[in-house]
There are 2 protein chains.
Amino acid sequence: MGALRLPSLTSLFTSPSSAAALHRRHLHLPLRRLYTANCSAQSSTAEKEISSTSELEGPPKLKLQQDKDRVITPRSQDFNSWYLDIIANAELADYGPVRGTMVIRPYGYAIWEAIQDYLNAKFKETGHSNMYFPQFIPYSFIEKEASHVEGFSPELALVTIGGGKELEEKLVVRPTSETIVNHMFTQWIHSYRDLPLMINQWANVTRWEMRTKPFVRTLEFLWQEGHTAHATPEEAEMEALQMIDVYTKFAYEQAAIPVIAGRKSKVETFAGASKTYTIEAMMGDRKALQAGTSHNLGQNFSRAFGTQFTDENGQREHVWQTSWAISTRFIGGIIMTHGDDTGLMLPPKLAPVQVIIVPIWKKADERTGVLNAASSVKEILQAAGIKVKIDDSEQRTPGWKFNFWEMKGVPLRIEIGPRDVSSSSVVVSRRDIPGKQGKVFGISMESSSLVPYVKDKLDEIQSSLLGTAMSFRDSNIMDVCSYAELKEAIAQGKWARGPWSASDSEELKVKEETGATIRCFPFEQPQGTKKCLMTGNPADEVAIFAKSY
Amino acid sequence: MGALRLPSLTSLFTSPSSAAALHRRHLHLPLRRLYTANCSAQSSTAEKEISSTSELEGPPKLKLQQDKDRVITPRSQDFNSWYLDIIANAELADYGPVRGTMVIRPYGYAIWEAIQDYLNAKFKETGHSNMYFPQFIPYSFIEKEASHVEGFSPELALVTIGGGKELEEKLVVRPTSETIVNHMFTQWIHSYRDLPLMINQWANVTRWEMRTKPFVRTLEFLWQEGHTAHATPEEAEMEALQMIDVYTKFAYEQAAIPVIAGRKSKVETFAGASKTYTIEAMMGDRKALQAGTSHNLGQNFSRAFGTQFTDENGQREHVWQTSWAISTRFIGGIIMTHGDDTGLMLPPKLAPVQVIIVPIWKKADERTGVLNAASSVKEILQAAGIKVKIDDSEQRTPGWKFNFWEMKGVPLRIEIGPRDVSSSSVVVSRRDIPGKQGKVFGISMESSSLVPYVKDKLDEIQSSLLGTAMSFRDSNIMDVCSYAELKEAIAQGKWARGPWSASDSEELKVKEETGATIRCFPFEQPQGTKKCLMTGNPADEVAIFAKSY
């Protein structure tokens, strides 16, 4: 069967001489456009100009139909081009007509649905109800919490005309909902009996970002935002910690991303929060991605909006609050954690297709037997709750299909040829182990052997992705004791971990001089006394510094 | 146990003398505000003025905490007040700070989630994939399809400022997505092999409505919008019909709403469609509610956006398209179809709580036994997949709880008192049959009897709600043969059904003179030759005329 296989995508890149030609041919121009810091709302003109310059730079779909053009920049060569190529080729997303916006295509959206299914169940288990707040917020609301307006006002999209008329007050298209949530909470909360109030919404949000990148930072994105109100600061703190813990488990167990959970520095805290907890993930280029946050808002918003309750002693008090969010950015994190030169590599638990079946035949009389066997294998796996698909199109060779589904990141491939039909067995290949090493022949088609075999392999892949990411992460964090060591680590593209008790201005100096920021003070801290890497003063905690998205 | 029961909510309304006092006291003022045709974007000032006029007109939650104030205007007395009272008292929704916007509260949102769960599965079964399009649409897109811009331009919300700067081109906050969908389809569709392309999105949409009403018509609402592209007009027509059929089955089988499915007249067709199919529901006040639509768009948008494909003969053709939607308006339809003077009445299949358990005890030594029995009954029902909740709060009497959960529309109530514990049985009361008639004593607590009993009763209630609504509908449709008869039927508040082949201008005359519009030409048509009720000319079809929301 190996003989049928076409040259793999990666082999196309092995000749350095062809790299420049390939570079011109590949598909990322439209997506690259998202990067421009052009402030105009819409770039359809620019788009037309670009597509008219060369026939080769048309839309992704067109390119996918010509085998020779389906190329992905090697990850090691240009991480950003590789990222954009994968998004275009695997049909995860496309750019919208308005600068910085993104269309999430079915394959990308299915990953989001898997994320939603898991988190939604966890939110309900931990006592939260879903609801929906309007996305239009009176401008005056945003101004009520001082640091909130400072943080968000440069990024707002404003509706000024409605139904053909200039509005009396501009409306903000929600960049986040703390203000409108508090406006409503103030009406619903009266006594301690109304607390805790714990809600969540799945929604779109808008932030007028100048430098955008699909999934990672877009003008509009999808997320969930949890909002809670409590009677005591202790309860709010427990809730904020509980939710960052839900996110951490999700990242490890579902996305196979070994995030580091911790607390943000004061400088990096959310605009309006008392404390921000975060999960930080290391991408394949060793930049950090803030993958989820949970904020202890203290009484900042309840004081700004007068959200009070009568406690058990009849006293009026302001509520203590939290908010927490994960967004479609997380999909970018999955791509950049697990992907390789061949394309996407999806953790089985979030993969829209866990198993792709490729039927293989040469002679017409082999066709029916092979296709029947493929269907029966599909039904067996489907009945066991496995997400499975057959690629039985006759316009493509098996080799093309192997490459295509590897590029789409499907964890397992099952090949069925005439000899497999005779022996009632299949060939199973792992996406995470390339070539013959990841291929096992002669797995029985019987449900009783095939189902446990496939489930075991999916579990193994899930663990193996986490293991690989964890080794990569750990080998790229350097413990540093001085600013010189920190600079050296960052210059090497690594994360620097070292004791920190210096000032905000010293933290900003590090950013200016190295491009790195404090990603977090991790929850897991080393034992023993520590001295601040910058000042030599005693330090309670180590911080992690890194460049980030 | 009856002795513990407080006066029901309805009994509060039986004395006409107290009606005026009650009217002043009841809770709908804030929601009523949604009705005002005030064009200003935000009415926080107005709101403050209203709440300062009387302590009694505060926010709903406050009112709910004082038993004497939890009143609902009788449906027969004032349908609109009744509707708004239910929404406030059952905590389905609240008004947002911006005029015409709505906050969907957890109990209302849970109904939406039940609608989503059912429809989402049906959409996938019928071959559609979910995805997500940006909500910001360049203004120029809206202008491309002539009748589309005419239909939507008065209702647009426009973003004119982003990131602190005036935008070069105004952005429309999506009122519907045909234009942006076609812009993207044009890039994805190349050959007949790319067809059919069948997608759906769950999203928020914005229409700058002047007269709003919670759920029924709000400035922002939630919906799903399906969009498909096909190679032939026949396929597009089949798809449009398939989806109105999915909606019809949903309405009958899940929502117990006996909608009438049919085709819209040309006058009432969606802006940009060739044909619009609709499901029309009769509300309790006998007004019609358009509860879902499916459009055959023909080539209108594909011509405007150049969405073409190469057919099997190598010819370039424009695709044939459909779009179809159901929104949170449907929740308004459920309320207005099944509710009664006591409050909401939810069809079991969409009820967030299907069974409420009310434990009843007087003496302290009865408490533990009763609560243990209640917990065990809850676990039994939950294990069987029934949505069940215990109301074990000690601040409320059982009678209060009976009224409260009846008002919330929960289909079945289980009462458990000390005598029931001794006899290992429970009392079961149906929401749809008031008083003793709907109450059955001595149902065994054993899982093997209780589970099938409860499931049977839920099924019976589901059928019974549909049956009641169907009788109501049928007794309020009058067959008419002349314009005089039509006017008489409409004057009586009924729907008029009669043969129609007159002109658009005659249709508009009916609207002007009677307030009724053609709701649809129903798919189910009487046999035999027909003469147009207006002109006496031959008519192929009967149409249904009614006043509508």
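**Where chain B meets chain A**

Student: How many residue pairs are in polar contact between chain B and chain A?
Tutor: Between chain B and chain A, 25 residue pairs are in polar contact, both residues at pLDDT 80 or more, where a polar contact is a pair of N or O atoms within 3.5 Å, one able to donate a hydrogen and the other to accept it, and residues adjacent in sequence count only if both atoms are side-chain atoms. This is a predicted model, in which local features need pLDDT of at least 70 and side-chain atom pairs pLDDT 80 or more, while totals for chains, interfaces and linings use all residues. Residues are numbered from 1 along each chain as its sequence is written, chains are lettered from A in the order written, and side-chain values use heavy atoms, without hydrogens and water.

Student: Which strand gives the most to chain B's side?
Tutor: Strand S6 of chain B, residues 165-173, gives the most to the side touching chain A, with seven residues; strands here are DSSP runs (E, at least two residues), numbered from the N terminus.

Student: And how many salt bridges cross the interface?
Tutor: The rule finds two across the interface of chain B and chain A, a salt bridge being a side-chain nitrogen of Lys or Arg within 4 Å of a carboxyl oxygen of Asp or Glu. B:Glu113 and A:Lys124 meet in a salt bridge through their side chains, at 3.1 Å, N to O.

Student: New topic: in which sense do the two S5 strands pair?
Tutor: Strand S5 of chain A and strand S5 of chain B, residues 157-162 in each, pair in the antiparallel sense over five bridges, pairing requiring at least two DSSP bridges between the strands. A:Ile161 has B:Leu158 as its bridge partner in S5(B).

Key
Helices (H or I, at least four residues) and strands (E, at least two) are DSSP runs, numbered from the N terminus.
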